[in-house]
Amino acid sequence: MGHPGLLGDCVYAIIVFVNIVVDTDVWVAGVRDSGHANRVLRLCLEGHFKPLMGAALLAEYEDLLGREAVWRRAQLTAAEREAFLDIFLSICQWTRIYYAWRPSLGDEGDNHVIELAVAGQADYLVTRNVRDLRGGELRFPHISVVTPTQLLKEQE
C-alpha cells in the first residue's frame, strides 16, 4: 500500500517565470545608471524575471559595448561592462527565432525584438522606446511593451 505519510512529506514548488525581453536601451541605461532600468537588471539577476536572448539582440549588445561614446560617463570600466554582460547572458534563456513575423515597425532594426518576444513567449518587452515598438502592423496582445518604470509598477 505504499509508504504511509509519504504524500504529507512531499513539498511542491511552483515556479512561475516572468519572461521578458530587455531592449538594448534599457540594458545600457541599467549598466550606466542606478534608476529603474538598473533595478530591472538587478531583478533579472535575482531571478524575479527571466530575460530572453537571441542572436540579433546579442549582436546589438556586443556592438554597444564597443561604442565608447555610449559609455563616456559610465561608472564601470570596459572590462567590467564585458564581465557584466557575461553574467547577464548566463541567466538569459537562449531563444531561437524560427519564424520571421516582421511586424513592420518604423525602424526595421527593431523588428527582431518583437520576434524574440513572440518566439520566447515573453510577457513583457522592456524598452525606453515604447512608442516605436508599439507601432507595428502586427499586434501581439499577450506581450506588453513597457518602460522599466511601468514594469516595476505592474510587478509590485
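The model is predicted, so to speak a computed picture: local features need pLDDT of at least 70, side-chain atom pairs count only at pLDDT 80 or more, and totals for chains, interfaces and linings use all residues. Residues are numbered from 1 along each chain as its sequence is written, and side-chain values use heavy atoms, with hydrogens and water left out.

**The overall fold**

- The protein chain has eight helices and five strands; helices (H or I, at least four residues) and strands (E, at least two) are DSSP runs, numbered from the N terminus.
- Of the 156 residues in the protein chain, 42% are buried (buried means under 20% relative accessible area, exposed over 50%, partly exposed in between, with a 1.4 Å probe and protein chains only).
- Take the contacts between residues at least 6 apart in sequence: 64% of them join residues at least 24 apart (a contact means heavy atoms within 4.5 Å).

**The sheet**

- Strands of a sheet pair through backbone hydrogen bonds, either parallel or antiparallel.
- Here, five strands make an open sheet with parallel pairing, in the order β3-β2-β1-β4-β5 (two strands pair if DSSP finds at least two bridges between them).
- At the edges sit β3 (93–94) and β5 (144–146), each of which pairs on one side only.
- Strand β1 (residues 19–22) runs parallel to β4 and is joined to it by three bridges.
- On the β4 side, I20 has Y124 as its bridge partner, and V22 has V126.
- β1 also pairs with β2 in the parallel sense, over two bridges, and there the bridge partner of I20 is P51.
- In a regular strand the side chains alternate between the two faces of the sheet.
- Helix α4 (residues 55–65) lies across β1, β2 (50–53) and β3, and runs at about 95° to β2 (axes are lines fitted to C-alpha atoms, for helices over the stretch in contact, and angles run from 0 to 180 degrees between N-to-C directions).

- Helix α6 is largely enclosed by the rest of the structure, because eight of its nine residues are buried.
- Those buried residues are N111, H112, V113, I114, E115, L116, A117 and V118.
- E115, which sits in helix α6, is buried with a relative accessible area of 5%.
- C-alpha to C-alpha, E115 is 7.9 Å from Y99, and the two are 16 residues apart in sequence.
- In α3, the buried residues are A37, N38, V40, L41, L43 and C44.
- Their cover includes β1, α2 (24–32), β2, α5 and α8.
- Just after α3 comes G47, with a positive phi of about 90°.

- Most residues other than glycine have a negative phi, and most peptide bonds are trans.
- Q121 is not a glycine, yet its phi is positive, at about 55°.
- You'll find Q121 in the loop between α6 (111–119) and β4 (124–126), and at 59% relative accessibility Q121 counts as exposed.
- V70 lies in the loop between α4 and α5 (78–91), but at 18% relative accessibility V70 counts as buried.
- Leaving out residues up to four places away in sequence, V70 touches V28, R32 and L64.
- V70 and A29 are 41 residues apart along the chain, and their C-alpha atoms are separated by 9.9 Å.

**The largest pocket**

- Rolling a probe the size of a water molecule over the atoms shows where empty space is left.
- On a 1 Å grid over the protein atoms alone, a pocket is an open set of points where a 1.4 Å probe fits, with protein on both sides within 12 Å along at least five of seven lines.
- The largest pocket has a volume of about 210 Å³ (grid points are joined across faces, edges and corners, and a volume is the space filled by probe spheres set on the points).
- Its lining consists of V18, H36, R39, L43, H48, F49, T149, L152, K153, Q155 and E156 (lining residues have an atom within 4 Å of a point).
- Helices α3 (36–45) and α8 (148–154) each supply at least two residues of this lining.
- By class, the lining has four nonpolar, four polar and three charged residues (Ala, Val, Leu, Ile, Met, Phe, Trp, Tyr, Cys and Pro count as nonpolar, Asp, Glu, Lys and Arg as charged, and the others, Gly among them, as polar).
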